[in-house]
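Dear colleague,

I am handing over the structure below, and after it you will find what was found in it. Please have the sequence and the model open side by side as you read.

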Amino acid sequence: MKFLKATLDDIDQLVQMRVNYLLDDMGYLSELQEKAIREQLPSYYKRHLNKDMYAYLAVDNEKIIATAYLLIHEKPANPNFIQGKIGEVLSVLTLEEYRRQGISKKLLEQLLNDAKQLGLDYVELDATEDGYPLYKQVGFVENISCDVPMKYRILQ
């Protein structure tokens with residue numbers, strides 16, 4: 001098994017793993033949703049991969065069996081992020097037959113090490129119930145805030 005960062009050569013497998021992640025996380029994608037996602041992802045990866053988005057991979061026999069993404073957001077600095085750069089973890093997924101072997105932990109450790117090298121102020125994520133123990137184990141803490149997360153949906 002190899003642990004490495006994705007390249008543009010990995011796009012087809014990255015698309016499949018992202019769809020796998022969404023199905024695992026949400027339980028369902030409509031045919032229309034999956035089609036739209038599969039159409040959008042290749043151009044997204046071409047524009048962002050290894051620029052402001054890094055995909056960490058575990059590969060077994062040339063097949064991607066686990067992923068973890070690091071997105072980098074740059075904002076105007078404030079006392080909570082002096083450098084103005086923060087990371088967001090997405091798409092942490094290990095295929096079912098490879099789970100409970102420490103693979104995602106190793107990917108997250110590599111991701112966090114790179115986040116330090118990139119000078120990020122912090123890395124955040126939204127933990128699922130299944131992922132919560134792993135994230136605690138590698139050092140994530142709950143972010144208690146008096147702010148209320150909100151969003152304004154543009155597309156219905």
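**Strand pairing and E3**

His73 stands opposite Ile86 in strand E4 (85-94), where strands (E, at least two residues) and helices (H or I, at least four residues) are DSSP runs numbered from the N terminus. Please bear in mind that this is a predicted model, in which local features need pLDDT of at least 70 and side-chain atom pairs count only at pLDDT 80 or more, while totals for chains, interfaces and linings use all residues. Residues are numbered from 1 along each chain as its sequence is written, and side-chain values use heavy atoms, with hydrogens and water left out.

E3 and E4 pair in the antiparallel sense over eight bridges, two strands being paired if DSSP finds at least two bridges between them. E2 and E3 are likewise antiparallel, over eight bridges, and here Ala55 stands opposite Tyr69 in E3. Two residues lie between the strands in the hairpin of E2 and E3, where Asn61 takes a positive phi near 55°. Nine of the 12 residues of E3 are buried, so this strand is largely enclosed by the rest of the structure; buried means under 20% relative accessible area and exposed over 50%, with partly exposed in between (1.4 Å probe, protein chains only).

**The nonpolar core**

The largest nonpolar core has 46 residues, of which Leu14, Tyr45 and Val123 touch the most other members; such a core is a set of buried Ala, Val, Leu, Ile, Met, Phe, Trp, Tyr and Cys residues joined through side-chain atoms within 4.5 Å. Among the elements that give two or more residues to this core are helix H1 (11-26), helix H2 (31-48) and strand E3 (63-74), and E3 gives the most, with eight residues. Leaving aside residues up to four places away in sequence, Val123 touches Leu70, Gly87, Val89, Leu111, Leu112, Ala115 and Phe140, contact meaning heavy atoms within 4.5 Å.

**Helix H3**

H3 has 15 residues and reaches 22 Å from its first C-alpha to its last, close to the 21 Å expected at 1.5 Å a residue, the expected span being 1.5 Å times one less than the number of residues. The buried residues of H3 include Ile103, Leu107, Leu111 and Ala115. What covers the buried residues of H3 includes strand E1 (2-5), strand E5 (122-124) and H4, whereas the face of H3 turned away from its buried side carries the exposed residues Lys116 and Gln117. After H3 comes Gly119, whose phi is positive, near 75°.

With best wishes
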